[in-house]
Amino acid sequence: MWQKISFIIPVLNEAHAIVAFLQPLQVLREQGHEVVLVDGQSEDNTRELARPYVDRMMSTEKGRARQQILGAKMAAGQIFCFLHADTLLPANAVQIVLQTLSQVLQPTQIDFWGRFNVHLSGSHWFFRIIEAMMNWRSCLTGIATGDQAIFVSKSLYRKVDGIPLIDIMEDIEFSQRLRKQQAIICIKAPVITSSRRWEEKGIMKTVLLMWQMRLQYFFGVKPEQLLKKYYPGRS
């Protein structure tokens, strides 16, 4: 029933790593799935390097939510998988998703969504605690982060009016919309996501910043204010 998955990837200035990221996805293209890349007006040669490795490419103003919304609008698959450019899928990701769906869905059910467990790339022992807490909290609350490769049926995506066009926390808001319709499907197989920001900014400092931002968002702080806190100095 679910013949085609569209992997929707927002990128910005990823020339240093985009080819290595896209190469493992080529086997999925050979299987009939598609890779949709949405560039946020990169200032390097991301687009030129990526072009041979994608099925659809478009460009828009930078902003992860805006880029993903455009990608979903252009995608042809029955399932959307929103994938960050610093996150690597397991080799058999499609088989895992389709097998899981066949096990947990009713035969006539077309609305569903879920995410993978996350494994942080760094070797520091504290990353093992962080990722375990992230995965546990996600299943408990029904909230997923973009680092967990959120997937959703096209029908449910449309039912919740897609990803909200906000500056940051779009994954949290999107999850809240989705969980009102369907319970989250938690796939235990992990994606590997980069821990570079944690290592550059300090592990504990980054943890505290993210907790603080989530709490402030919960109490109504505007996304544009949170964006300035997350990316200080960015215009």
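**Exercises on salt bridges and the disulfide**

Arginine 128 and glutamate 131 form a salt bridge, with their closest N and O atoms 2.9 Å apart; the term denotes a side-chain nitrogen of Lys or Arg within 4 Å of a carboxyl oxygen of Asp or Glu. The model is predicted: local features need pLDDT of at least 70, side-chain atom pairs count only at pLDDT 80 or more, and totals for chains, interfaces and linings use all residues. Residues are numbered from 1 along each chain as its sequence is written, and side-chain values use heavy atoms, with hydrogens and water left out.

**Exercise 1.** State how arginine 128 and glutamate 131 are placed in helix H6.

*Solution.* Helices are DSSP runs (H or I, at least four residues) and strands likewise (E, at least two), numbered from the N terminus. The two residues are three apart in helix H6, so about one helical turn separates arginine 128 from glutamate 131. Arginine 128 is partly exposed at 29% relative accessibility, and glutamate 131 is buried at 9%. Buried means under 20% relative accessible area, exposed over 50%, and partly exposed in between (1.4 Å probe, protein chains only).

**Exercise 2.** Determine which cysteines form a disulfide.

*Solution.* A disulfide is a pair of cysteine sulfur atoms within 2.5 Å. Cysteine 139 and cysteine 186 are joined, S to S 2.0 Å. Cysteine 139 belongs to helix H6 (residues 125–141) and cysteine 186 to strand S8 (residues 185–193), so the pair ties together parts 47 residues apart in sequence. The sulfur of cysteine 81 lies 14 Å from the closest cysteine sulfur, that of cysteine 186, which is too far for a bond. The count is therefore one disulfide.
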